[in-house]
Amino acid sequence: MAHVSTSVPVKASPFSGFFEGFFSWLVHIAEANARVAQIENLQRMTDEQLAAKGLKRSDIARHVFRDILYI
């Protein structure tokens, strides 16, 4: 059995890098906004409500950013 692989070089336009960076920046802003909203929601909770979720008020930011912070 023969396997054939071909690749076609993609000509990048001069604007492709700009747009890729711009859209990446927009995604970053949207993700950051969602995290801020999550922090605000958790901050509104009482200490008892946070304890029920297994959180302390001082651990809210660490909890929200746990996937990107290594603390």
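Modeller: What follows goes from the whole chain down to a group of aromatic rings. Keep in mind that this is a predicted model.

Start with the chain. It has 71 residues, and buried residues make up 10% of them. There are 3 helices and 0 strands. Read along the sequence, the pattern is α-α-α. The accessible surface comes to about 6400 Å². Carbon and sulfur atoms account for 62% of that surface.

Now go to helix α1. This helix covers residues 16–44, and W25 lies in it. F22 lies in helix α1 too. F22 and W25 are 3 residues apart, which is about one turn of the helix.

Next, the rings. A pair of aromatic rings is described by two things: the distance of the centres and the angle of the planes. A search of the whole structure finds 5 aromatic pairs. Take F22 and F23. Their ring centres are 5.6 Å apart, and their planes stand at 65°. Angles over 60 degrees count as edge-to-face, so this pair is edge-to-face. F22 also pairs with W25. Here the centres are 6.0 Å apart, with 35° between the planes. This pair is tilted. F22 therefore takes part in a pair with F23 and in a pair with W25.

F18, F19, F22, F23 and W25 form one aromatic cluster.

Partly exposed means between the 20% limit for buried and the 50% limit for exposed. F22 has a relative accessible area of 34%, so F22 is partly exposed. F23 has 49%, so F23 is partly exposed. W25 is at 49% relative accessibility, so W25 counts as partly exposed.

Last, the surface. F15, F18, F19, F22, F23, W25, L26 and I29 form a nonpolar patch there. Together these residues have about 840 Å² of accessible area.

Conventions: Residues are numbered from 1 along each chain as its sequence is written. This is a predicted model: local features need pLDDT of at least 70, side-chain atom pairs count only at pLDDT 80 or more; totals for chains, interfaces and linings use all residues. Side-chain values use heavy atoms; hydrogens and water are left out. Patches are made of residues with over 30% relative accessible area and no salt bridge: like charges are joined within 9 Å, nonpolar side chains (Val, Leu, Ile, Met, Phe, Trp, Tyr) within 5 Å. Accessible areas come from the Shrake-Rupley method with a 1.4 Å probe; for residues, only the protein chains shown count as cover. A salt bridge is a side-chain nitrogen of Lys or Arg within 4 Å of a carboxyl oxygen of Asp or Glu. Helices (H or I, at least four residues) and strands (E, at least two) are DSSP runs, numbered from the N terminus. Buried means under 20% relative accessible area, exposed over 50%, partly exposed in between (1.4 Å probe, protein chains only). Rings of Phe, Tyr and Trp (its six-membered ring) pair if their centres lie within 6.5 Å; planes under 30 degrees apart count as stacked, over 60 as edge-to-face and the rest as tilted.
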